[in-house]
Each structure stands twice: as C-alpha cells, then as structure tokens.
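Have the sequence and the 3D view ready, and try each task before you read its solution.

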Amino acid sequence: MRIETVELVRVAMPLVAPFRTSFGVQHSRDVLLVRVVGDDAEGWGECTTPDAPIYSSEYTDGAAAVLRDHLVPRLLAAGEVAAPEVGSVLGSVRGHRMAKAALELALLDAELRAAGSDLAASFGAVRDRVPAGVSVGIPEGGVPELLDVVAGHLDEGYLRVKLKIEPGFDLEPVAAVRERFGETVALSVDANTAYRLDDTPQLVQLDAFELSYVEQPFPPDHLMDHARLADVLTTPICLDESLVSPTATADAITAGACEIANLKIGRLGGFLAAVATHDVCVERGVPAWVGGMLETGIGRAANVALAALAGVTLPGDTSASDRYWATDLTEPFVLRGGHLLVPDGAGIGVAPLPDVLAEIETGREVLRA
Ligand code: OSB
Ligand code: MG
C-alpha cells in the first residue's frame, strides 16, 4: 500500500471509575491514535501508553514525539510497505514498542480493509467469541468496596477476576474474595512488580487460595528471581512487564520464570510480534491470555482478534466497553454470556464513530510523505 498521510490523533477519555495499581492511579486516558491513509483504504491503531512512564518507560507524549520525529518519517520514506515489513523498517529505532505497535496496527488495518479480510481470520482465529475476565484495581474503600466491585462483575457474567495487589493489600483481600465468592470463581492476582525476592515468604502464603496465577511479582528485569520464586510457589507465575518480545518470552520460559504468559500487543511491539509470541507459547506448552491497557474499542478490537487464536487458552483482561467508558470511541464491545464477540468486519472490524470522535478529539498532527 502507498501511504499518503499518517495522522496522530489525540482524544480525551475519562474512565467510569479510577483504576489503581501498585504503580499508580489512572482517572482517564489521553489516547493517542494513529490513522494511516493509503491510496485505497485507511486504517486505525491505538497506542496503549499511559500518560506517565509508570508501567514501562513509554508514555503518551513520548510516543507522539517518537512517532512524529522518528517512526513515521522512516515509514513514509520507505515507499510501498506491507505490515510484515514494518518491523524491519522501524528496526533502527530502539524500544518504543507501543508507538511502533500503533503504527503497524494502523497499516495492518488499512491493508486488510483494502483486501476485504478481517484481522482475526487472517491470523488463523479458531473462535468467534472470546471469554472475558476483568482486572479489578485496588479500591479506595479497601476490602468492603472490593467485595462490592467483584460481586458486580460476577453478576455481569465475567468468567475470571484478577485482583491488583501490593504489599499491605494482598493476603487479606484475596482471602476475603475467596470466602465470599467460593472456590469455583477463577481468580488471579497481579502485583505489577511491587514485590522483591525477600517477600517470598509472604507470596508463598498466596498458595492457600488456589489462584490461577500470580502476575509479575518482581521488576521486569528480575528474571532469575521469578525463577527462584517459581521453585517454591505452587501457584503458577505469569509474566507481563518482563515479556517485551518473542525472544524475551522464550528466554523467560527457558529460565523457569514464566509458566503462563500475558500477551499485550503494545508491550510486545506489534500484532505480528504478539502472534509470534503466541506461537512461542504454543511450542513450549505455556498457556497464554491477552492482557489490556484500558484500551478504547480500537485497541480492544485487536486484542480480541489476538485472543481468538488457538494458543490463547485462558480468559483475558479484555472486558466490555462499559467497564471502562460511558461512551466508547467505537461501537461498544458488549458482554454476552461472559464473552466478547470477535469483530468480523474488514480489518480490525471497528472504527471511530465520527460524532464521538468529533466530540472528544483534542488534537491532530498530519504527517505527509
Ligand atoms: O498490568 O495488566 C496490567 C492496566 C494498565 C496497565 C497495566 C495493566 C492494566 C490492567 C487492566 O490490568 C487491563 C484492562 O482491563 O485493560
Ligand atoms: Mg499485568
């Protein structure tokens, strides 16, 4: 496809409720979208960066700068580029995976729209709906509020609940949720790197609660510490922040640090890298699921397509639109019997609704070849 323009579009999206993790609280997203306009189609990608560099080193203003000054100029200078070539065209820029993923997704969406094929089917999807879990932040009101929030999500039909934990908010909330909702609820916890190896005695006590996994207890580069913890913890360790590429994922599995994998398109550097990581997990027999970064419908559509692949065997954090937004940017994703339907329209199958976009757009930069 010949690319005519690449647009960096910013939209302001307030969350329906603040989302607190061990690394901070998010009240809204200042979303950066990439729109690629080609000679016969256009496409959209969402950059999953938060406002501040608190999840990884990436953040939204930084992503906008690297797209404008480094990534988009390289892509525009390369002439006709197909999505599988984006990785090598952008390869001379280190890191900035979420920014690269947004650009690749926009081009992939445009290409698939031009061809009339949908994202999930193009990559071998084996299901037309995916089981939905929900990631529950650390509530302001402590355990009583947590129990109310979890009760609400279970009533809505979510098939797995993930609790955010941190030192001081771990064993007690997990015990309370198990006691109130029983052993049959699929439950997991996510520490977002808040612990260190010497917290192992505390973490081992989580084994009493039959959790599906403990997600990312230690910092991203503490791979061998995750392996040491895996030796003494019965509960499987799932990695999120550490898995920054298919190679990093294969190495983490080899090290014994990763027994379950959280696949995120942005963190892995693109949809194609996420599919390659999925393939690594299948080859190595490691169960995978698709995580989230509080996406709008644009990013969610790609997440749901990824979750439709055969090796994604656990419910993910791909929740319905109304768990995040009063009004989504696209047609909303709706929970149906605990599942989200995989879009089957061309490309990612959704696009910003023009009237919604017009209302919430806060800025647009247009970059030309
Ligand atoms: O660690 O999975 C995480 C949100 C922002 C940053 C990191 C994480 C999360 C979530 C929410 O857990 C997932 C979602 O519902 O999109
Ligand atoms: Mg996580």
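**Exercise 1.** Which residues does Thr 249 touch, not counting residues up to four places away in sequence?

*Solution.* Keep in mind that you are looking at a predicted model.
Step 1: find Thr 249 in helix H9.
Step 2: look for its contacts, where heavy atoms lie within 4.5 Å. Leaving out residues up to four places away in sequence, Thr 249 touches Leu 243, Leu 268, Thr 277 and Cys 281.
Step 3: check its accessibility. Thr 249 has a relative accessible area of 0%, so it counts as buried, the cut-off being under 20%.

**Exercise 2.** Find the protein donors of the magnesium ion (ligand 2) and describe where they sit in the chain.

*Solution.* 
Step 1: pick out the donors. They are Asp 190 (OD), Glu 215 (OE) and Asp 240 (OD), at 2.1 to 2.3 Å from the ion.
Step 2: read their spacing along the chain, which is D-x24-E-x24-D. Asp 190 belongs to strand S7, while Asp 240 lies in the loop between strand S9 and helix H9; the two are 50 residues apart, and this pair links distant parts of the chain.
Step 3: decide on burial. Asp 190 is buried because its relative accessibility is 0%, and Asp 240 is buried with a relative accessible area of 0%.

**Exercise 3.** What do the buried residues of H6 pack against?

*Solution.* 
Step 1: list buried residues of helix H6 (residues 171–181); among them are Leu 171, Val 174, Val 177 and Phe 181.
Step 2: name the partners, which are helix H5, strand S6, S7 and helix H7.
Step 3: Gly 182 follows H6, and its phi is positive, near 90 degrees.

How values were computed: Residues are numbered from 1 along each chain as its sequence is written. Chains are lettered from A and ligands numbered from 1 in the order in which they are written. This is a predicted model: local features need pLDDT of at least 70, side-chain atom pairs count only at pLDDT 80 or more; totals for chains, interfaces and linings use all residues. Side-chain values use heavy atoms; hydrogens and water are left out. Donors are N, O and S atoms within 2.8 Å of the metal (3.2 Å for Na, K and Ca); water is not among the atoms, so sites may look incomplete. Helices (H or I, at least four residues) and strands (E, at least two) are DSSP runs, numbered from the N terminus. Buried means under 20% relative accessible area, exposed over 50%, partly exposed in between (1.4 Å probe, protein chains only).
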